[in-house]
Amino acid sequence: MRRRYRIVVVVVFMVCAAAGIAGLSALGTASEGPLSSALGWLGVVTGTIEHRVRDRIEGPGRRARLAWAAPYRDDAERLRHPDVVLLGAYDGGIPRTLDGVLTLETRIGAPLPLIQVYSAWGDKPDQQFPLRLVTAISGLGSIPLVTWEPWLSDFESARHPNLPLPGARDSHGLAAIARGDYDVYVDAWAAEARRFARPMLVRFGHEMNDPYRYPWGPQNNTKEEYIAAWRHIVDRFRRAGARNVLWVWSPHVAYEYWDLYYPGDDYVDWVATGVLNFGPIAQWSRWWTVSEIFGPKYPRLAAFGKPVMIAEFGSLAVGGDRAAWYRDALAQLPTRYPAVRALVFFQVRDDQTVTYQKVDWTFIADSGVVQAVRDALGRWAPR
Amino acid sequence: MRVRDRVIIAALAGVGAAAVLRLADWWFRPAHVAQPALFVLLSLAFWYAVSRIVLGWVNYAAIASPAPRTAPPGLRVAIFTTSTPGEPLAMFERTLAACRCVRYPHTTYLLDDTRDPRFRERAERYGAVWLELLDVPGAKAGKINRALALTDEELILVLDPDHIPFPEFFDPVLGHFDDERVGFVQVSQAYYNQRRSFTAAGAAEQTYAFYGPGQMGLYGHGACVAIGANCTFRRAALASIGGHGIGLAEDLVTAIRLHAAGWRSVYVPVVVSRGLVPEDLGSFYRQQLKWARGVYEVAFTELPRLATKLAWRQRLSYLAIGTYYLFGVTTPFFLLVPYLYLWTDVQPAAMSFAEFLSAAAPVAVVGGGMYLLAQRWLCDPRSERGLHWRGLALKLACWPVFLAGTVLAVLHAEIPYIPTAKQAVRGRFLRLAWPQLVMIVVFGATVARVVYRRAHATSEGSLELSAEAVWGMVAFATLPVIAAVGALYAAWQARRPRADAPWDAVDVRTIGGAEA
């Protein structure tokens with residue numbers, strides 16, 4: 001009896017301990033402990049509640065003004081096949097503030113239902129699922145578009161003993177993703193995305209065919225590895241139940257054979273590319289219009305049968321008439337490129353990602369451009 | 001200390017050390033530095049606070065108490081108690097009567113400069129030797145030194161006149177002088193008036209941990225200190241350092257000099273006398289100012305001079321004691337941080353509030369656990385156990401006093417030695433509570449401004465993204481406001497002190513037995 005009693009006590013203790021540990025681990029995300037996760041969630045909830053209270057006091061906010069976009073932001077199926085052109089922007093004030101986007105839409109007189117943010121892979125708190133940002137974007141009535149960049153060397157070796165040293169990770173890094181080496185991170189992100197629950201667009205590994213830009217390019221990986229990684233990630237998200245995530249495949253169409261990187265109709269919801277006019281500031285560039293940059297590639301992009309997105313749209317000021325550039329581009333968009341269903345203004349004051357000097361993509365201070373954009377959009381953009 | 005307890009403390013301290021390392025690793029990330037100068041200041045303040053917690057663990061790890069020794073017969077023992085003008089006669093009546101009841105044969109001396117014949121009359125009525133010591137510089141300690149020259153007992157108990165010794169006072173004490181190297185034996189300090197007001201309860205609570213596990217840990221490190229109220233000295237020891245130390249922290253100064261001269265000290269954690277804590281907030285503030293100013297002499301004068309003669313554990317202990325009141329410098333900085341952010345958007349450190357909480361929580365949990373665990377070594381656990389929230393509230397309220405003490409010490413400014421009031425004095429509410437009231441007004445104005453700005457003047461695009469930071473800071477500013485309520489209540493109570501004296505209800509014959 002005595003022995004049986006002891007065994008019962010031990011078993012009960014083990015069961016309770018296992019339940020407690022399972023509960024604690026379920027509270028946290030894989031990369032955050034339960035406490036930080038709960039506190040982060042508390043912060044986000046505080047913000048959401050405060051926003052609602054503010055709407056009561058100050059009257060309805062932007063979300064109410066964007067009510068016409070509700071079908072797309074609340075229903076993933078509608079966002080998969082939109083019947084309007086959704087405008088959007090990325091602004092250099094992100095992640096600190098979204099005010100830049102709001103100012104821009106006031107100036108150009110057209111609402112921006114898409115707001116783009118950039119999120120890198122890694123261990124740091126700001127490299128986790130950007131819950132606060134996407135919740136804030138959703139609170140403003142917009143749809144989050146997250147450009148998700150697999151910077152594999154940002155994972156700390158000490159926390160990931162199974163990974164090669166940071167310097168060796170980029171070589172065939174996409175194959176490692178496809179093998180599941182980064183599933184801890186991918187699954188945590190997917191679980192958070194599922195918890196967010198509202199439709200969101202994720203642009204993973206953009207410009208994967210450009211050998212000079214990002215470590216996930218063809219200098220380190222084959223296109224088969226890229227496609228395998230993409231499919232693996234989408235599968236992980238589907239397994240996690242994150243069906244609210246729509247996948248935006250975004251090659252750099254200036255390089256040949258970009259269409260060979262297409263992961264497949266079942267794995268892609270949108271196809272996208274950037275349309276950025278650098279003008280004559282770089283040796284490889286000159287003043288190119290949208291027809292020159294995008295026109296020749298459009299038929300192939302549209303042929304995938306998916307809605308097309310111009311995910312980074314803008315022109316520098318030097319070397320031509322910027323107002324005319326925007327006017328012409330926007331005027332011909334609905335008629336010449338009817339498959340384009342999203343256009344995201346790229347508004348960064350000091351961009352250094354491509355060139356060695358800082359370049360300014362913003363046009364908000366240039367009233368000529370603002371007027372041109374305003375006029376062009378006035379003819380066709382939803383109010 | 002039993003082996004089991006030692007293992008538990010060591011394990012907790014080990015977990016705590018890991019938690020502190022983890023916190024440090026997180027705290028000192030380069031990305032956290034927002035304003036370099038302010039970050040340095042905040043780090044100093046924060047890590048001072050953490051270091052106090054760690055020093056507490058270091059101390060608790062050494063907790064020890066001496067094996068009991070019976071007092072051998074035939075020792076020649078004196079009790080010195082001092083009276084100064086203005087001290088209430090009725091209190092001496094109790095103390096002198098109680099001294100006569102102390103069982104071990106001894107001589108009681110009243111060191112008197114009141115020029116009041118009634119004191120001589122009372123001394124003689126209770127069989128004490130009356131020594132009139134007029135115009136002796138050095139206040140209480142000066143009179144003790146003068147009396148040492150006039151007497152010849154080998155052991156001297158220096159007893160504050162508010163302390164009522166129990167008849168068995170010397171029984172657990174004198175045996176330890178068998179060891180020729182022991183210079184003084186200190187017993188616990190306890191009170192008989194801590195239930196008479198909020199201030200008294202808080203002031204007493206602040207001392208419980210020190211007279212229990214605190215002094216026992218110091219004893220384990222070979223550095224338990226003398227407390228002027230009820231310490232028994234060996235005459236030869238005092239003679240070796242040129243007499244009792246003089247100054248606001250005369251007891252600490254005496255202790256460090258004796259340790260430096262090679263004498264050992266013994267801490268006996270028993271309650272064999274009870275005295276008074278300040279009952280009104282004004283008297284408490286004056287006592288704390290005196291201590292804060294005085295204790296810095298250990299850090300500024302004694303420790304640099306004597307450090308080479310102390311063992312390293314004694315050095316660490318005295319350094320910990322000597323820097324205790326820096327709390328008064330760091331607290332205002334912590335108080336300022338949320339207001340700086342809420343009014344000017346300036347943040348010393350770019351830390352997420354949620355992340356800070358999760359990084360600091362393990363240290364706080366271990367610290368709290370250790371505090372509660374150490375309560376088993378309280379001298380009178382039955383009456384002393386608890387969360388000691390009154391003591392904490394009073395300590396937080398004391399930061400202006402500690403700051404003043406620090407500034408006076410740095411400026412080497414003297415403040416007069418005045419014995420702490422024995423009976424509550426009436427205080428004006430506004431005069432005592434204005435620092436708390438100012439803080440509450442500033443807090444109210446800040447919250448009003450935050451609410452207004454968040455409702456009407458914050459752009460919609462920043463609202464949700466800044467919610468965590470702003471409301472986290474408001475929460476951070478709320479904690480000291482809650483703590484201020486305790487001090488406000490104490491100040492309110494000080495308007496009407498109790499009319500009866502604390503010793504009215506004391507019966508000298510039962511005070512020890514009733515508590516035992």
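This is a predicted model: local features need pLDDT of at least 70, side-chain atom pairs count only at pLDDT 80 or more; totals for chains, interfaces and linings use all residues.
Visitor: Nice. Where are those two helices, and at what angle do they pack?
Guide: Helix α11 covers residues 327–344 of chain B and helix α17 covers residues 460–494 of chain B. They pack at an angle of about 145°, and their axes are 9 Å apart.

Visitor: Which residues meet there?
Guide: From α11(B) you have L335(B), P338(B), Y339(B), Y341(B) and L342(B). They meet M473(B), F476(B), A477(B) and P480(B) in α17(B).

Visitor: Switching topic: how many residues does each chain put into the contact between A and B?
Guide: Chain A gives 28 residues and chain B gives 19 residues.

Visitor: Which helices of chain A supply at least two residues each?
Guide: Those are α2 (34–58), α6 (99–108) and α7 (131–139) of chain A. The largest share comes from α2(A), with 13 residues on the side that touches chain B.

Visitor: What's the class mix on that side of chain A?
Guide: The side of chain A that touches chain B has nine nonpolar, 12 polar and seven charged residues.

Visitor: Okay, sheets now. What is the strand order in the open sheet of chain B?
Guide: This sheet of three strands runs β5-β10-β7 in chain B, with mixed pairing. Its edge strands are β5 (164–165) and β7 (190–191) of chain B, and each of them pairs on one side only.

Visitor: In what sense do β7 and β10 pair?
Guide: β7(B) pairs with β10 (residues 273–275) of chain B in the parallel sense, over two bridges. A190(B) has R274(B) in β10(B) as its bridge partner.

Visitor: Another arginine I spotted is R376(B). Where does that one sit?
Guide: R376(B) lies in the loop between α12 (353–374) and α13 (381–384) of chain B.

Visitor: Is it buried or exposed, and why?
Guide: R376(B) counts as exposed because it has 12 C-beta neighbours inside 10 Å, and the cut-off for exposed is 12 or fewer.

Visitor: How far is R376(B) from T254(B)?
Guide: Their C-alpha atoms are separated by 29 Å, and the two residues are 122 residues apart along the chain.

Visitor: Last one: what are the confidence scores?
Guide: Chain B has a mean pLDDT of 91, and 99% of its residues reach 70 or more. The model scores ipTM 0.77 and pTM 0.81.

How values were computed. Residues are numbered from 1 along each chain as its sequence is written. Chains are lettered from A and ligands numbered from 1 in the order in which they are written. Two strands pair if DSSP finds at least two bridges between them. Helices (H or I, at least four residues) and strands (E, at least two) are DSSP runs, numbered from the N terminus. Two residues are in contact if their C-beta atoms, placed from the backbone, lie within 7 Å. Ala, Val, Leu, Ile, Met, Phe, Trp, Tyr, Cys and Pro count as nonpolar, Asp, Glu, Lys and Arg as charged, and the others, Gly among them, as polar. Axes are lines fitted to C-alpha atoms, for helices over the stretch in contact, and angles run from 0 to 180 degrees between N-to-C directions. A residue is buried if 20 or more other C-beta atoms lie within 10 Å of its own, exposed if 12 or fewer, and partly exposed in between; C-beta atoms are placed from the backbone. pLDDT is the predictor's confidence in each residue, from 0 to 100.
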